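The following exercises are to be worked with the sequence and the model at hand. Each task is followed by a solution in steps.

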Amino acid sequence: MSDLGCKRPPWKPDLSGLPWQSRWAYHILKPLSRLLYRPRYYGLDNLPQQGPYIILANHQSFFDVMLLNPAIPLNPIWLGKKELFDSPLMAPVIKGFGAIPIDREASNFTAVKQIFALLKDGGVLAVFPEATRIKEGKQGEILPKAGLVHLLSRAKVPLIPICLEYPYRLFRRHRVVVGPAFHMPVVKAGEETAAAAYILAKIYGLLGDLPGPLQDRVDKFTDSMPMEDQHEKA
């Protein structure tokens with residue numbers, strides 16, 4: 001792929017089975033996000049053409065999903081905070097895309113069952129591990145919750161990190177970088193914080209140096225990995 005990146009991925013999403021609200025939202029927001037943020041895609045060859053796998057991306061804007069979805073050859077199912085499913089405007093759209101609601105303050109037994117059923121069926125799950133939009137200069141400060149860390153460890157499917165260049169600046173070119181797949185090693189009790197930092201490092205590291213305090217936490221986690229997992233990291 002050239003240093004200029006790819007303006008448009010070579011595949012098109014299949015929207016035929018979606019309700020009209022979701023199709024309209026896609027066709028309006030996709031060109032709008034391209035106009036505002038001029039994405040260039042890198043590393044698309046790291047995306048498998050078949051599932052199951054999990055997309056992990058940083059989150060900074062309402063437009064992130066519209067910048068990410070075109071990069072993924074299979075229609076991903078997103079995790080979304082349950083509050084979005086109560087919105088009269090957003091609920092029909094995200095439900096149409098098949099999004100799975102998550103309660104960030106409670107157990108999510110039903111959601112976990114849906115996630116593993118999706119992966120067993122060869123689907124693609126997409127997640128913002130930080131679970132909220134991150135303000136400029138705060139990258140790496142909010143870590144994924146322990147429940148998500150253990151879910152990714154248990155899933156035993158390829159994890160694909162994607163980093164959206166930050167901060168967003170209107171009408172400037174932005175990189176969307178897809179990294180190579182990795183697998184989450186077994187996370188032991190007490191390792192959740194370091195493992196969460198390891199996940200974010202896989203994402204933010206695609207743009208270069210890690211932000212803030214992530215590196216020390218990552219080193220602590222990788223030092224505890226079995227040798228075969230450290231070899232995969234290298």
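**Exercise 1.** Is Tyr198 buried or exposed, and what is its relative accessible area?

*Solution.* The model is a predicted one, in which local features need pLDDT of at least 70, side-chain atom pairs count only at pLDDT 80 or more, and totals for chains, interfaces and linings use all residues. Residues are numbered from 1 along each chain as its sequence is written, and side-chain values use heavy atoms, with hydrogens and water left out.

Step 1. Apply the cut-offs: buried is under 20% relative accessible area, exposed is over 50%, and partly exposed lies in between, with a 1.4 Å probe and protein chains only.

Step 2. Tyr198 has a relative accessible area of 5% and is therefore buried.

**Exercise 2.** Determine how the rings of Phe182 and Tyr198 are arranged, and which parts of the chain the pair ties together.

*Solution.* Step 1. Rings of Phe, Tyr and Trp (its six-membered ring) pair if their centres lie within 6.5 Å; planes under 30 degrees apart are stacked, over 60 edge-to-face, and the rest tilted. The whole structure holds 6 aromatic pairs.

Step 1. The ring centres of Phe182 and Tyr198 are 6.0 Å apart and the planes stand at 90°, so this pair is edge-to-face.

Step 2. Phe182 belongs to the loop between strand 7 (174-178) and helix 6 (192-204), and Tyr198 to helix 6, so the pair joins parts 16 residues apart in sequence. Helices (H or I, at least four residues) and strands (E, at least two) are DSSP runs, numbered from the N terminus.

Step 3. Phe182 is also buried, at 2% relative accessible area. The charged end of Lys202 sits over the ring of Phe182, 5.1 Å from its centre; the criterion is NZ of Lys or CZ of Arg within 6 Å of the ring centre and within 35 degrees of the ring normal.

**Exercise 3.** Describe the largest nonpolar core and state which element gives the most to it.

*Solution.* Step 1. A nonpolar core is a set of buried Ala, Val, Leu, Ile, Met, Phe, Trp, Tyr and Cys residues joined through side-chain atoms within 4.5 Å.

Step 1. The largest such core has 34 residues, and those with the most contacts inside it are Ile54, Leu56, Leu125, Leu152 and Met184.

Step 2. Elements giving two or more residues to this core include strand 2 (53-57), strand 5 (124-127) and helix 5. Helix 6 gives the most, with 8 residues.

**Exercise 4.** Identify the backbone features at Pro52, Lys156 and Phe171.

*Solution.* Step 1. Recall the background: most residues other than glycine have a negative phi, and most peptide bonds are trans.

Step 1. From Gly51 to Pro52 the peptide bond is cis, with omega near 5°. Pro52 is placed in the loop between strand 1 (39-42) and strand 2.

Step 2. Lys156, which is not a glycine, has a positive phi of about 55°. Lys156 occupies the loop between helix 5 and strand 6, and at 64% relative accessibility counts as exposed.

Step 3. Phe171 likewise has a positive phi, near 70°. Its place is the loop between strand 6 and strand 7, and at 48% relative accessibility Phe171 counts as partly exposed.
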